[in-house]
Every structure is written in structure tokens, then in C-alpha cells.
Amino acid sequence: MSTTTHHRPSPPAPWRSTFESHLSSMPSPEFVFASLAPTSSTGSKAPTDYVPRLRYCIYRGMWSQLPENKHNDAPKNPRVYDSDMPAFTTDVRMQKVRELFASSAGKAGKDEQVQGSGGGGPCEAAFWVKEKGTQWRIKGTAFVVAPDIEGPEESSGVRTVKSEVGGRMRVVEGGEGKEGEWSWGKELTGHFGNCSPGMRGSWKNPPPGTPVEGEPDQDHQLAQKVYDLEDPIARSNFRVVIIKPDEVEQTDISDPATARRWKYTLVYDAQDGKGEWKKEELWP
């Protein structure tokens, strides 16, 4: 795995085990994902450069720790890495992908600039775990993994993803010396395989958000089912988005008498570049 890191990987996040335990109690791990859209692209009259946009998404596990799925026939990576970066899947034709590029440091917004890996725009994810009476908010930046993540040449977007995301990936016990066996492309295909045939078929839908004018062409129909893990149309539209958290808030209101909020902030040491999560207990 090729990475260029600016910080040493942080130790496992202290909030992670509780977060994952809470999500396991949900019938479906749905959350609200918010990104920023350039005001000029929305028609909004807001007096700011960016306006918020949000939608519901499905949590697909932590990046580099692909959830087990007995129906997934895709080749699997060995257990080499771990991370505290939530991942979800999306369609490159969705506006959220363009927003993550346009609000990033590179401010890429043209069609040809958002087709590959990259992004890095600010984001926030909010989970309401009704079963635990707890809200989780994850704030940070989000990066897009596309089919070009592995290839003969690395674009600037690919290098950005491997640097920013790879810098937060930790080698697990027993994974030392096996880093070269781990593949970004294999992990991407694994996420595609973890989706149901009907979900995979959604990446062959007519272009999202475009006007309904006549019948779509034969390759872009609703309610298709895809069994081929290398279906060229579905895979060309399929993306994995990785949230790189900088701040996490857990607000527990299950008991009004003891309600609390805990804020976890990732702070880097200026000398050795090592990250550490700082915890604060707050009133809700």
C-alpha cells in the first residue's frame, strides 16, 4: 500500500467500541450526511460561498475493516489494517461527490475533475440511535475512492486519498510485514460485493436528478439486479466515501436525570506528529 503520511497513525479511538456497539442495535445503520455545495452551483441567494446539503446514507463499516458477508464472493484483503474512519457507498453521479471535490482545498468542480479518487471537503455525519437514546455526530473531511485508486499512474486525487486516508490506517497485530498484500482496489471491490444485487443495480439507474424525458436507454433502467462484480457500467458509477473524523460527539439523553455529552477531539503533537483523542464531558 503506497501512502505518504503527514502524521503518525493515532491509537484506536476511545469512542469507537461504544459507537459500533450502538450501531449494532439499529435495525439499519442509517445516518444523515452533510456536505457543502458552492452557492454559485445551487441557485441559492445565500450571502455565503457555500450552503449545506444533506441526505440519508447507510454506514458500511470502518474503512479497511470490511464487514463479513457470506453472500459476498469478492476476493478479500487479509486483515492487515484497522481504522476509525466510517465508510459508505454512493454514485459518482450524485451531487455529494461533486460537493466533496468542490469544497476541498483543490476546489475541483468540473465533471472531468470529479470522476476519479480525491475530494476532501468538510462534512458531518449524524446518527440517532433511538435504541440507546444517543446521538452521535462525526465531523471531519470525506474522501472518495474510485476505480483509479490502483493503476499504472497515480493522479493527484489518488495520492491525496492514499496520503490522507492511509495516514489514519493502523497495522493490526499480526499484520506486520503483510502491508504489500493489502490492495485498495480489492477493498473497493469488496464493498461493491457487500451490496445486494438490487443495490448494485442502482448504479445502472438513469442519471440521478436528471429530468424524466422519455424512456431511458437499455443500459440504464430502474430495478436492475447486478451479479457480476465487474459489471462495467455499475462499477464505473460506484464509489466508496471515507469520513476522516477530527471531532466526535456522543450525546446520551436516555435518562434525563443523567444526560451528558462527550466530545472527542483529535489533537496532534507538534513534535512527533502523533495523534491523540482528547475527551471532554459536557452538559447536553
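In this predicted model, F192 and F238 are both buried. The rings of F192 and F238 form an edge-to-face aromatic pair, with 5.1 Å between centres and 75° between planes. Because F192 belongs to helix α4 (residues 184-194) and F238 to strand β8, this pair ties together parts that lie 46 residues apart in sequence. Two arginines also meet the ring of F192: R235 lies over its face, 5.2 Å from the ring centre, and the charged end of R200 sits over the ring at 5.9 Å from its centre.

Strand β8 (residues 238-252) is in turn joined to β4 by 5 bridges, and the two strands run antiparallel. Within this pairing, F88 stands opposite V241 of β8. Strand β4 (residues 87-91) is largely enclosed by the rest of the structure, because 5 of its 5 residues are buried. In a regular strand, side chains alternate between the two faces of the sheet. In β4 both faces are covered, with A87, T89 and D91 buried on one side and F88 and T90 buried on the other.

Ring pairs connect W15 and W277 with F19, F31, F33, Y59, F88, F127 and W136 in a cluster.

Note on methods
Residues are numbered from 1 along each chain as its sequence is written. This is a predicted model: local features need pLDDT of at least 70, side-chain atom pairs count only at pLDDT 80 or more; totals for chains, interfaces and linings use all residues. Side-chain values use heavy atoms; hydrogens and water are left out. Buried means under 20% relative accessible area, exposed over 50%, partly exposed in between (1.4 Å probe, protein chains only). Helices (H or I, at least four residues) and strands (E, at least two) are DSSP runs, numbered from the N terminus. Two strands pair if DSSP finds at least two bridges between them. Rings of Phe, Tyr and Trp (its six-membered ring) pair if their centres lie within 6.5 Å; planes under 30 degrees apart count as stacked, over 60 as edge-to-face and the rest as tilted. A charge sits over a ring if NZ of Lys or CZ of Arg is within 6 Å of the ring centre and within 35 degrees of the ring normal.
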